[in-house]
Amino acid sequence: MTSKIIGVGNYIPPETITNLFFDQHHFINKNGESLKEANDIIARKLKEITGIEERRYASEHQVTSDLGLIAAQRAIENSKIDPETLDYIIFAHNFGDVRFGTVQSDSVPSLASRVKHLLKIKNNFCVAYDVLFGCPGWIEGVIQANAFIRSGIAKRCLVIGAETLSRVVDIHDRDSMIYADGAGAAILEISDDNSGIQSHLSASYTLNEKDFLYFGKSYNNESCQDTKYIKMDGRKIYEFALVNVADAMKKCMDASGYSIDQLDKIIIHQANEKMDEAIVKRFYQLYDLPMPENIMPMVINKLGNSSVATIPTLLAMILDGELPSHEIKEGHVVLFASVGAGMNINSFVYKF
């Protein structure tokens with residue numbers, strides 16, 4: 001007995017931000033020195049490394065819970081369930097609701113509680129809570145929902161991943177060009193056939209890796225030093241992810257009972273196109289195999305990195321037929337994987 005996804009939904013914000021948006025930004029390094037390269041060259045190198053040409057930002061009146069609500073409504077509609085039958089609403093995010101033009105995070109009450117309220121669910125025993133697990137938060141929420149369902153604690157769960165990273169970036173840091181906003185959601189319920197989650201794995205590397213992603217001061221020394229923004233050590237993250245994510249994916253795949261030649265798709269956190277390709281290539285090298293063509297769908301070029309939202313957003317796009325070159329059919333085996341602040345890693349193998 002396990003759990004399966006019976007409905008998905010996403011919300012891709014309306015505001016398209018191209019790389020030209022950053023043309024007039026004053027980029028500074030961590031030492032407070034202006035970058036010598038012109039902004040168009042910085043943008044071109046960003047595209048070469050990450051694949052990002054544009055990203056989506058939420059409208060000024062929207063906050064993270066608003067995005068999550070829309071994705072949840074679409075998942076509920078897609079699954080054709082009565083929301084009153086939900087036992088859990090699990091909302092993965094990292095920074096809470098940050099209103100446009102402010103820097104204050106608002107996470108009380110929880111974003112899950114806000115979504116439950118807006119869904120007008122009367123069932124008091126539908127438990128709503130948030131997950132803070134870095135970019136792998138949505139996968140972790142799915143793993144938790146699966147545990148609740150397998151143990152008999154729950155029969156049906158809604159798992160949401162949403163973020164508005166555009167509200168927590170340092171405009172003087174060129175890494176700000178990576179981040180985006182978005183939301184995705186899925187409904188899970190008990191499965192008594194051979195479909196659903198086949199295996200899963202989670203890990204937290206904190207001894208030496210805790211601060212690879214962190215909240216830090218602006219690179220502009222003249223800015224308010226009490227205000228903090230999302231920061232990362234890209235090189236260390238790349239080196240960490242290349243080895244540890246691929247190893248975790250193999251361990252999860254081996255535990256599923258399926259062989260590598262039975263794997264149809266890999267849905268990986270849309271963090272950095274070159275990094276993701278390197279991870280998947282190394283994953284296949286662990287089996288002494290080349291990376292198959294068309295195994296890894298990517299939408300980061302148009303949507304950017306929306307943290308916890310990237311995987312459920314991509315999943316909904318594929319299942320809704322929005323990516324002509326990728327499809328998931330009944331019987332397909334899909335490996336999901338993510339990495340992010342913590343440093344946290346997780347993965348699960350799913351049979352559709």
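Start by selecting D173 and K231: their side chains make a polar contact at 3.2 Å. (Polar contact here means a pair of N or O atoms within 3.5 Å; within protein, one must be able to donate a hydrogen and the other to accept it, and residues adjacent in sequence count only if both atoms are side-chain atoms.)

Before going on, a note on what's on screen: this is a predicted model, where local features need pLDDT of at least 70 and side-chain atom pairs count only at pLDDT 80 or more, while totals for chains, interfaces and linings use all residues. Residues are numbered from 1 along each chain as its sequence is written, and side-chain values use heavy atoms, with hydrogens and water left out.

Stay on D173 and show the backbone of D175. The D173 side chain also reaches the backbone nitrogen of D175, at 3.0 Å.

Is D173 buried or exposed? It's buried, at 4% relative accessibility, where buried means under 20% relative accessible area (1.4 Å probe, protein chains only). Now select F27, Y219 and K231: D173 touches these, leaving aside residues up to four places away in sequence. Contact means heavy atoms within 4.5 Å.

Next stop, the cysteines. Searching the whole structure turns up zero disulfides (cysteine sulfur pairs within 2.5 Å). Both are buried: C135 at 15% relative accessible area, C252 at 1%.

Definitions and conventions
Buried < 20%, exposed > 50% of the residue type's maximum accessible area, 1.4 Å probe, protein only.
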